[in-house]
Amino acid sequence: MKNPAINTLGVILRPSTPALKEYFLDFQSLAHSLGFEVILDSISAGMINMNGLNFEELCKQCDALVSIGGDGTLISTARRSFSHQKPILGINMGHLGFLTDLQKDEVSSFLPNLKNGDYNITNHMMLEGKIDNQTSFFALNDIILTRPHNTSMIHLKAYIDENYFNSYYGDGLIVATPTGSTAYNISAGGAVVYPFSHNLLLTPICAHSLTQRPLILPSTFTIKVELGEQGLCNIIIDGQENKTLKFKQQISIVAQKNGAKLIHNPHWDYFKILKQKFHWGDYE
């Protein structure tokens, strides 16, 4: 069964990159020639001196979002548009990415597929975080709890489904999705997890005890973390947004049932990208 036809594209450009104007105009011309309507995000439009719609209105009017940049641009787009559940196509303008698999020289051959439904949509688990049950925020890769100063360690107390589980003393703790397993998680010694699995990854950062190890849990658990001593904790969301956790506050993290929906060509191969990115098998 084919996916529905996509006719209206909402475009988001990588921030602080006005040089993307030339490519956007080429993309817009190609899309128009194929019968697509193209709407530009107002922030992107201001960057290249064009007109656009504010992001919320853009999401309401488009059938799909197009992120032009790299994985960072796509991750930001997924987080901002999560409540609208729009599928996202990532066009990679830099190095090979895990998420933006469509290279710019492949766009002209792939774009017609959106009209006839010949594309795949992959569902990537998202995290929802709340501090003291206040306003929600979302993450596609990870929520990182870390020390506010380089000169001190941080003490974090972790709970699983309201039950006290562990204390982490060191540089912090990463709570990651399977999609985010190949981000900061892997640098901290965490496992690579297939991106369409439903798991929560808990990875300590430079723990002060050799007995602390990464943990992979089912996505049905609720993770809660609080400071174990006076002070502050930095909360970093997908490496792009920051919040502060104060002493006696608690952050709860849960997996969302509906994830970010990313558009891929039917031949997209995660394991091929994994091999290319990490140079696995180069010596065989």
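The text below moves from the whole chain to selected elements and residues.

**Basis of the description**

The model is a predicted one: local features require pLDDT of at least 70, side-chain atom pairs count only at pLDDT 80 or more, and totals for chains, interfaces and linings use all residues. Residues are numbered from 1 along each chain as its sequence is written, and side-chain values use heavy atoms, with hydrogens and water left out.

**Overall form**

The protein has 7 helices and 19 strands; helices (H or I, at least four residues) and strands (E, at least two) are DSSP runs, numbered from the N terminus. Its C-alpha atoms fill a box of roughly 60 × 50 × 35 Å along the principal axes. Of the 284 residues, 49% are buried, where buried means under 20% relative accessible area, exposed over 50%, and partly exposed in between (1.4 Å probe, protein chains only). Among contacts between residues at least 6 apart in sequence, 66% join residues at least 24 apart, a contact being heavy atoms within 4.5 Å.

In α5 (residues 107–116), the buried residues are Val-107, Phe-110, Leu-111, Asn-113 and Leu-114. They lie on the same side of α5, because they cover an arc of only 150 degrees around the axis; the arc is that of the directions from the helix axis to the C-beta atoms. The packing partners of these buried residues are β1 (8–13), α1 (20–33), β4 (88–92), β5 (102–103) and β19 (260–264).

Helix α7 spans 270–278. Tyr-270, Ile-273 and Leu-274 are its buried residues. Their arc covers only 105 degrees around the axis, which puts them on the same side of α7. Phe-271 and Lys-272, on the other side of α7, are exposed.

**Pocket and cavities**

Rolling a probe the size of a water molecule over the atoms shows where empty space is left. On a 1 Å grid over the protein atoms alone, a cavity is a set of points where a 1.4 Å probe fits but cannot get out, and a pocket is an open set with protein on both sides within 12 Å along at least five of seven lines; lining residues have an atom within 4 Å of a point. Grid points are joined across faces, edges and corners, and a volume is the space filled by probe spheres set on the points.

The largest pocket holds about 280 Å³ of space. It is lined by 14 residues, and the closest to its centre are Asp-101, Glu-106, Asn-265, Trp-268 and Lys-272. Each of β5, α5 and α7 supplies at least two lining residues, and α7 gives the most, with 3 residues. By class, this lining has 5 nonpolar, 5 polar and 4 charged residues. In this scheme Ala, Val, Leu, Ile, Met, Phe, Trp, Tyr, Cys and Pro count as nonpolar, Asp, Glu, Lys and Arg as charged, and the others, Gly among them, as polar.

There are 2 cavities of 30 Å³ or more. The largest cavity has a volume of about 70 Å³, and its lining residues include Phe-98, Leu-99, His-124, Trp-268 and Tyr-270. That lining divides into 6 nonpolar, 3 polar and no charged residues. The second largest cavity contains about 40 Å³; among its lining residues are Ala-78, Phe-82, Lys-86 and Lys-261.

**Individual residues**

Leu-99 lies in the loop between β4 and β5. Its contacts, not counting residues up to four places away in sequence, include Asp-71, His-124, Leu-140 and Leu-262. Asn-92 is found in strand β4 and, with the same exclusion, touches residues including Gly-69, Thr-100 and Lys-104.

Cys-206 has a positive phi near 45 degrees and sits in the loop between β13 (199–205) and β14 (215–218). Lys-248 has a positive phi near 80 degrees and is placed in the loop between β17 (241–246) and β18 (250–255).

| Residue | Relative accessibility | Class |
|---|---|---|
| Asn-92 | 3% | buried |
| Leu-99 | 6% | buried |
| Cys-206 | 57% | exposed |
| Lys-248 | 70% | exposed |
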